[in-house]
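Here is a short briefing on a predicted model.

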Amino acid sequence: MSTYMIAQIDIRDPEEYQKYLDGFLPVFERHGGKLLVTSRAGTEVLEGTWALPRTVVMAFPDTARARAWYADPDYRRLKKHRLASAEANLVLVEGIG
């Protein structure tokens with residue numbers, strides 16, 4: 001069953017964040033990840049509150065692959081750049097069916 005990771009992001013240091021992006025796709029795709037949504041502008045909130053301005057939605061073939069990507073040593077090295085340059089909230093949810 002497909003699994004989705006949803007991220008809310010507020011980039012505070014674009015140059016440092018670019019270091020994260022420069023290595024992101026090869027590691028992400030190695031685990032079967034696909035980007036479905038990336039908002040360059042803010043996220044339009046129709047109801048309630050949304051903590052951070054940007055939204056990213058990623059798909060993985062299953063939860064095990066999503067967790068393997070997040071635990072991958074190559075991703076952990078990249079994640080240091082994200083943590084230094086942005087605030088983020090990430091959630092993992094299983095798809096329907």
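**Sheet and helices in brief**

Four strands form an open sheet in the order β2-β3-β1-β4, with antiparallel pairing. Its edge strands are β2 and β4, each of which pairs on one side only. From one strand to the next, the twist averages 20°. Axes are lines fitted to C-alpha atoms, for helices over the stretch in contact, and angles run from 0 to 180 degrees between N-to-C directions.

**Basis of the model**

- The model is predicted: local features need pLDDT of at least 70, side-chain atom pairs count only at pLDDT 80 or more, and totals for chains, interfaces and linings use all residues.
- Residues are numbered from 1 along each chain as its sequence is written, and side-chain values use heavy atoms, leaving out hydrogens and water.
- Helices (H or I, at least four residues) and strands (E, at least two) are DSSP runs, numbered from the N terminus.

**Strand pairing**

- Strands of a sheet pair through backbone hydrogen bonds, either parallel or antiparallel.
- Two strands count as paired if DSSP finds at least two bridges between them.
- β1 and β3 pair in the antiparallel sense over seven bridges. A7 stands opposite V56 in β3.
- Strand β2 (residues 34-38) also pairs with β3 in the antiparallel sense, over four bridges. Here T38 stands opposite V56, and L35 has M58 of β3 as its bridge partner.
- Six of the seven residues of β3 are buried, so β3 is largely enclosed by the rest of the structure. Buried means under 20% relative accessible area, exposed over 50%, and partly exposed in between (1.4 Å probe, protein chains only).

**Helix α2**

- Which residues of α2 are buried? In this helix (residues 63-71) they are T63, A66 and W69. They cover an arc of only 125° around the axis, which puts them on the same side of α2. The arc is that of the directions from the helix axis to the C-beta atoms.
- On the other side of α2, A64 and R67 are exposed.
- The buried residues of α2 pack against β1 (3-11), α1 (14-30), β3 (54-60), α3 (73-85) and β4 (86-94). Contact means heavy atoms within 4.5 Å.
- At the start of α2, a side-chain oxygen of D62 reaches to within 3.2 Å of the backbone nitrogen of A64.

**Helices across the sheet**

- α2 lies across β1, β3 and β4, and runs at about 155° to β4.
- α3 lies across β1 and β4, and runs at about 125° to β4.

Key
Polar contact = N/O pair within 3.5 Å; in protein donor to acceptor, adjacent residues only side chain to side chain.
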